[in-house]
Amino acid sequence: MATRIVVSGLSKSFVMHLQGGVQLPVVQGVDFSVDAGECVVLGGPSGAGKSSILKMVYGNYGADGGQILVRDGERLVDVASADPRRIVRLRQTTIGYVSQFLRVVPRVSALDVVAEPLVARGIDRALARSRARELLARLNVPERLYTLPPATFSGGEQQRVNVARGFVTDHPVLLLDEPTASLDAANRAVVVDLIREKKKQGVAMLGIFHDEEVRAAVADRVVDVMAFRAAA
Amino acid sequence: MMDVDVNEAGLPRVVVSDPAAGFTPLSNSPPQGGRGPVGGLGEGGSETADLDGALSPLEGESGSGGEPPREGALGAVLDDDATLPTYSFAYLDEQTKRMIRRAILKGIAIPGYQVPFASREMPMPYGWGTGGVQVTAAVIGPDDVLKVIDQGADDTTNAVAIRGFFQKTAGVATTTRTGEATVIQTRHRIPERTLEAHQILVYQVPIPEPLRYLEPRETETRKLHGLEEYGLMHVKLYEDIARHGHIATTFAYPVKVEGRYIMDPSPTPKFDNPKMHRSKALQLFGAGREKRIYAVPPHTDVVSLDFEDHPFRIQSFSQPCALCAAEGVYLDEVILDDRGGRMFVCSDTDHCEERRAAGHRGALSGEAL
Amino acid sequence: MSAVAMLPDAETERPLLKVSRLSHYYGARLGCRDVSLDVYPGEVVAVVGESGSGKTTLLNCLAGRLTPTAGSVEFRMRDGRLRSLFGLTEAERRLLARTDWGFVHQNPAEGLRMTVSAGANVGERLMAIGDRHYGTIRATALDWLARVEIAADRIDDEPRSFSGGMRQRLQIARNLVTRPRLVFMDEPTGGLDVSVQARLLDLLRQLVADLGLAAVVVTHDLAVARLLSDRMLVMKDGTVIEHGLTDRVLDDPREPYTQLLVSSILQV
């Protein structure tokens, strides 16, 4: 099976200039890979650096050292060193991301929030909306909410809109940052199903799940982030 | 062609044989008849009243021998004993006329381009045609025959005053007949009779800048002309159509001259715009307050701006002139009484008179006017 | 994995705007110094910084409104060739400004003709490039007013009677009607109510995406930068101190000043 992500020798620390330039090491020597059709889960306690690793793979955080190779069609892109425009393109074609919190776009309806990644990839707006509608229905988002901006939704509803937005595309790499954190059991089950479907489609997934049950249901491997703990 | 026509039109006829003669005597003492022209203007109709006082030397000369003007005759009009200084020919001193002629020549060389000039104080208020008067003064010669019209009429105050002014200061012959005139100064009309190559039409212009309506900055309008950025002009026409359903601009209707400069034809009715196109006569425009001169040389393209789906159209009148039955001419509405009675008559009084003299009769021509 | 060669990306895309080592001084006073930047077709670049940081000076140099003291600004013309902005004649530059470029001012009164109707404001660029059919000009104006959510029955009203948000939307329509390839925006949402801002931002996002516009947006509002831009530059004291992917600069800022800026955002 094709490898989609190879992370090697990755390190990261924060320099807090507002606190007198104190350096906060996060991780170092991070090595792992993710194959197509596989869901790899980053494990470890809070503060171990799971989220930082995930964000580095997405390009959201910069890396201090090492490589993050992501297969983009016939090419490999090193996210750790790629220029910003390359990362923008990579996000369009290859890497999807389901964040913990929805970054609300003012005035955009839930349906369009979900459809937007498809439209950005050149899919006809009507078709994108119908796919978004299907997914929202599956995640039990009441239809009356589709036309409303999600800013006023409950936490769980926002999370489901966010999940739908992340799962609606067919990105070959999907990063999952606690997609089930504030969901009830029924909706957690839907997300687990969605992840299984993605696996069948050969999507490589890297995720963080605090919920033991969900983790057990979806994880093919767990990478223990404690092993990459940087010395303070 | 331009040079030839300009020559024919009379510019070189104004020859200053001795430039010095123009100002030597004048620089020392004020002209004797200094208040004459102002008084003449104010009195309006009394155009011949004080001719003798101001112009007796010239009258005496041309009257006595009919010989060509001698040295100095075009510049300062001097008595033989050189002790009695009076006006320069046509009021302006020769240096000023030279400066204005330069501006005119530049204007002719760049059709439609507004040439700045050092406009002088004239013995009449701004708005009374100071620009046109300066242009006329710069191009008129002693052999010229001057006609002055205001709204097409020879007998309105402005026309009479300016005619009197030049009679007094240049001693030129005047006429009301369009066909007989060599220089015609006009406010707001172009004569109905087609002008010929030997004629010059001088327009009095209040606001020379056609873009002023939308762009108040002179620095910017000059740039727009320079770069031929004329989208703004159509904005004005667009606004007309949006507001009125048609291009409601009926006077000072903007034109493009020789495919280059956009020009304000002065507040003539748009009815007259087609007469400017390829006219055989030289057309000069003077704006005194705004200190601009521009020109349309003979045989120059003058095209009124429009939209494809709202083409330029001139006004049309549903009835002929009530006095001379002329059709296809510009008519003025005349109120006859306080009960709504009115009639439409030729705005061009000379045209109307000529037609009536030729026997044309309109519906109301029997009534006394 | 090794089967896939680590090839650099074929440089299929060429920058639309190329800025090299640009500096501008107002006499002895520094406006901006040594700024280099490429803007590619279809991308939105935000320039952020506090007032006086040089971002507006930079924008005015990029848009040819200010001649830089040093450095170059090149624009890719429709024939595919890069031409130095300041090598163009003024006529060429102005033609560019009303066809291929847009400039959205913070104060709409600077970018609009306040005394002519909304329709004429939108139609002016069309007429300026030679459109002489009233019917099509008006139809295009109506279409654009609808796109910026201005009711059709306001087409003959002067922008003087419009609210701030409407004026700004009208200014955007006026700029976009000739389908420019590059739009400069100077604090496009400055001075507007938050709800009006949100509407405008959403509109801008949509238009930029639909038309594939490239844009350089100057703003002091990091939320605006996050919503609109792909990349951002952070300016301080006339120089670019940090640049990169917008969300990386905002979420993982490196420079002390950027960290200060990000930590100063008010949370709602």
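Everything here belongs to a predicted model, in which local features need pLDDT of at least 70 and side-chain atom pairs count only at pLDDT 80 or more, while totals for chains, interfaces and linings use all residues. Residues are numbered from 1 along each chain as its sequence is written, chains are lettered from A and ligands numbered from 1 in the order in which they are written, and side-chain values use heavy atoms, with hydrogens and water left out.

Next, colour the side of chain C that touches chain A: the elements giving two or more residues to it are α7 (194-211), α8 (222-228), β10 (239-245), α9 (246-251) and α10 (256-263) of chain C, with helices (H or I, at least four residues) and strands (E, at least two) taken as DSSP runs numbered from the N terminus. Of these, α7(C) gives the most, with six residues.

Widening the selection, 35 residues of chain C are in contact (heavy atoms within 4.5 Å) with 33 residues of chain A. The area buried between the two chains is about 3,000 Å², of which carbon and sulfur atoms give 51%; this is the accessible area (1.4 Å probe) that two parts lose on being put together, summed over both.

Now show the side chains of C:Arg205 and A:Glu116, which form a salt bridge whose closest N and O atoms are 2.2 Å apart. The rule, a side-chain nitrogen of Lys or Arg within 4 Å of a carboxyl oxygen of Asp or Glu, finds five salt bridges across this interface.

Move to chain B and select its open sheet of seven strands, which has the order β1-β9-β8-β5-β4-β2-β3 with mixed pairing, two strands being paired if DSSP finds at least two bridges between them. Its edge strands, β1 (115-116) and β3 (173-174), each pair on one side only. Within the sheet, β8 (residues 282-287) and β9 (residues 292-296) run antiparallel and are joined by five bridges, and B:Gly286 has B:Ile293 as its bridge partner in β9(B).

Finally, select β11 (residues 331-335) and β12(B), which run antiparallel and are joined by five bridges; B:Phe344 is the bridge partner of B:Glu333. The two strands form a hairpin with six residues between them, and B:Gly340 in the turn has a positive phi of about 90 degrees.
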